[in-house]
Amino acid sequence: MLNFLVLTSLAALVLAELEVEPRYLEDDDAEERVVGGEVARPHSWPWQISLQYKSGSNYYHTCGGTLIRRGWVMTAAHCVDRSMTWRVVLGEHNIQVYEGREQNVGVSHVYVHPNWNSNNVAAGWDIALLRLSTEASLNNYVQLGALPPSGQILPHNNNCYITGWGRTQTGGQLSAQLKQAYLPVVDHRTCSSYGWWGSSVKESMVCAGGGSESGCQGDSGGPLNCSVNGKWVVHGVTSFVSSSGCNTYKKPTVFTRVSAYINWMNSIMG
């Protein structure tokens, strides 16, 4: 039986089906902690995007993503391995309110990694690229995320933050405002050991956290932002957590390791 849960707000692997249209925090809940995290300073992660799908005449948040080129977004394969009308919102902070700095951009093509298997997220390959219908306009609120060199692996306890509009707790509501949570890297030797994730975690993945802070549904596809030589670098694409709960002890949030897919991404983007 599968023992993990993908973090899109559209569907779960092992829990009951989640509602399609997300519920938002009420105003008096705005400062609620995000599975141990906090509200991010607006536009402090300017490469973070909200991936939204169309239902009727409206769009709804389902996943995060990272703007990596003006016309390209990186996200998780499990977010976009179905046929829907997608858009990307750049420069977003509060997904419930139009604040005047957002850029709404359509998606012209979805490139899911050819080895992705929607029936086995633990096999890896949970990465996709979105070609935007128009290029982003870069400014103080919209910037490109930096990617690591191919093959780079961060050391145990490297400082990283997950960001997203995911649920504030297992089974809870999506966050209206962008949140961040401190998730230090857990090295592969530890994360793949008995009592942690074991063989479910592959070398093409990154583990981070494992305590009171974690990603949750709605965070899928978003970045794991890691401090490397004084610079923020996107080392992970949010992929899955334990079905026992988003912040289960010794079950860190698992990310696709971006440095394992640099060559594939370059082959797509040219």
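Reply: Helix α3 (residues 262–269) lies across β4, β5, β7 and β8. Its angle to β8 is about 25 degrees. Contact means heavy atoms within 4.5 Å. Axes are lines fitted to C-alpha atoms, for helices over the stretch in contact, and angles run from 0 to 180 degrees between N-to-C directions. Helices (H or I, at least four residues) and strands (E, at least two) are DSSP runs, numbered from the N terminus.

This is a predicted model, in which local features need pLDDT of at least 70 and side-chain atom pairs count only at pLDDT 80 or more, while totals for chains, interfaces and linings use all residues. Residues are numbered from 1 along each chain as its sequence is written, and side-chain values use heavy atoms, with hydrogens and water left out.

Now the barrel. It is closed by 6 strands in the order β3-β4-β5-β8-β7-β6, with antiparallel pairing. From one strand to the next, the twist averages 45 degrees. Two strands pair if DSSP finds at least two bridges between them. Strand β3 (residues 48–55) runs antiparallel to β6 and is joined to it by 4 bridges. Here Y53 has W86 of β6 as its bridge partner. Another 4 bridges join β6 (residues 86–90) to β7 (residues 103–112), again antiparallel. V88 is partnered by V105 of β7. β7 then pairs with β8 over 5 bridges, in the antiparallel sense. V107 stands opposite L132 in β8.

Next, the core. A nonpolar core is a set of buried Ala, Val, Leu, Ile, Met, Phe, Trp, Tyr and Cys residues joined through side-chain atoms within 4.5 Å. Buried means under 20% relative accessible area, exposed over 50%, partly exposed in between (1.4 Å probe, protein chains only). The largest nonpolar core has 39 residues. Those with the most contacts inside it include L67, V88, L90, L129 and M265. Leaving out residues up to four places away in sequence, L67 touches W47, I49, L90, L132 and L138, among others. A second, separate core has 13 residues, including I162 and V233.

Last, the charged pairs. A salt bridge is a side-chain nitrogen of Lys or Arg within 4 Å of a carboxyl oxygen of Asp or Glu. R70 and E135 form one, at 3.6 Å from N to O. R70 sits in the loop between β4 (58–69) and β5 (72–75), and E135 in the loop between β8 (128–132) and β9 (160–164). They are 65 residues apart. R70 is partly exposed, at 39% relative accessible area.
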